[in-house]
Amino acid sequence: MELKDARHQTGLWVAARHPSGLLYGVIITGAVMSASAGHETSAQRIVATTVFVLGVYFLADVYVRVFAHQFREGRDSIGHRFAAAASHESGVLLGGVPALGTFAVSIALGVSPSTATDIALWVTVVVLGAIAYLAARYAGSTVREALIESALAGLLGILMVVSKSLLH
């Protein structure tokens with residue numbers, strides 16, 4: 001498979017998974033980890049806090065979608081609306097996987113919770129940049145334009161890295 005085909009297939013995969021929800025999941029996970037990971041904070045507390053906030057955000061999105069659906073689409077059963085909303089918003093949960101997975105692997109390798117958070121936040125920078133690059137190239141931008149968009153998106157992740165240092 002050519003690189004262009006692989007990029008297109010990856011773009012289709014991301015597009016089918018509610019990319020804005022995916023990005024919200026990446027951003028929320030990074031922000032909560034940044035805010036909750038002090039030098040004395042346990043790994044369990046960081047994960048529990050992050051999963052809780054990510055879960056509440058996901059449920060809030062589902063709730064809003066379930067009830068807003070009636071204004072947009074008319075009457076459907078609540079079961080149908082809930083299933084459709086949960087499926088659509090699952091990208092929010094998927095967005096948390098890179099940082100939480102990186103954190104878990106780092107902890108399993110014996111890294112301190114604070115350092116594991118730093119590593120997870122740098123992965124967040126890379127994920128934000130990679131998604132921006134992929135989206136720009138998928139939309140037909142030049143490599144140069146895509147790299148600029150990627151760098152700008154990565155700045156949001158860098159803000160999380162910096163805020164962890166400032167908060168703790």
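I call a residue buried under 20% relative accessible area, exposed over 50%, and partly exposed in between, with a 1.4 Å probe and protein chains only. By that scale Tyr63 is exposed, because its relative accessible area is 54%.

**Ground rules**

I am working with a predicted model, where local features need pLDDT of at least 70, side-chain atom pairs count only at pLDDT 80 or more, and totals for chains, interfaces and linings use all residues. Residues are numbered from 1 along each chain as its sequence is written, and side-chain values use heavy atoms, with hydrogens and water left out.

**Whole chain**

I looked up the secondary structure first. I take helices (H or I, at least four residues) and strands (E, at least two) as DSSP runs, numbered from the N terminus. The protein chain has 6 helices and 0 strands. Read from the N terminus, the order is α-α-α-α-α-α.

Next I checked the extent. Along the principal axes, the C-alpha atoms fill a box of roughly 50 × 40 × 30 Å. Of the 168 residues in the chain, 38% are buried.

I then looked at contacts (heavy atoms within 4.5 Å). I kept those between residues at least 6 apart in sequence; 68% of them join residues at least 24 apart.

For the surface I used Shrake-Rupley areas with a 1.4 Å probe; for residues, only the protein chains shown count as cover. The chain exposes about 9,500 Å². Carbon and sulfur atoms supply 67% of that area.

For charges I counted Lys and Arg as positive, Asp and Glu as negative, and left out His and the chain ends. I placed each charge at NZ of Lys, CZ of Arg, CG of Asp or CD of Glu. There are 11 positive and 10 negative side chains. The centres of the two sets lie 3 Å apart.

**Helix H2**

I compared helix lengths with an expected span, which is 1.5 Å times one less than the number of residues. H2 has 18 residues and should span 26 Å; its end C-alpha atoms are 26 Å apart, which agrees. I also listed its buried residues, among them Gly21, Gly25, Gly30, Met33 and Ser34.

His39 sits in the loop between H2 and H3. I find His39 exposed, because its relative accessibility is 60%. What is the C-alpha separation of His39 and Ser114? I get 5.6 Å, although the two are 75 residues apart along the chain.

**Aromatic pairs**

I paired rings of Phe, Tyr and Trp (its six-membered ring) if their centres lie within 6.5 Å; planes under 30 degrees apart count as stacked, over 60 as edge-to-face, and the rest as tilted. The structure holds 2 aromatic pairs.

Tyr24 and Tyr57 have ring centres 5.5 Å apart and planes at 40°, so I log the pair as tilted. This pair links distant parts of the chain: Tyr24 is in helix H2 (residues 19–36) and Tyr57 in helix H3 (residues 43–73), 33 residues apart. Tyr24 is partly exposed at 43% relative accessible area. Tyr57 is also partly exposed, at 24%.

Tyr63 and Phe67 form a tilted pair, 5.0 Å centre to centre, with 55° between the planes. Both lie in helix H3, 4 residues apart, about one turn of the helix. Phe67 counts as partly exposed, at 34% relative accessibility.

Leaving aside neighbours within four places in sequence, Phe67 contacts Ile78 and Arg81. The C-alpha atoms of Phe67 and Arg81 are separated by 8.0 Å, and the two residues are 14 apart along the chain.

Gly101 belongs to helix H4 (residues 78–108). Gly101 is partly exposed, at 31% relative accessible area. From Gly101 to Val143 I get 29 Å between C-alpha atoms, at 42 residues apart in sequence.

H5 (residues 113–138) has 26 residues and should span 38 Å; its end C-alpha atoms are 36 Å apart, which agrees. Gly140 follows H5, with a positive phi near 100°.

Not counting residues up to four places away in sequence, Thr117 touches Met33, Ser34, Ala37, Ile46, Phe103 and Lys164. Met33 and Ser34 are themselves among the buried residues of H2.
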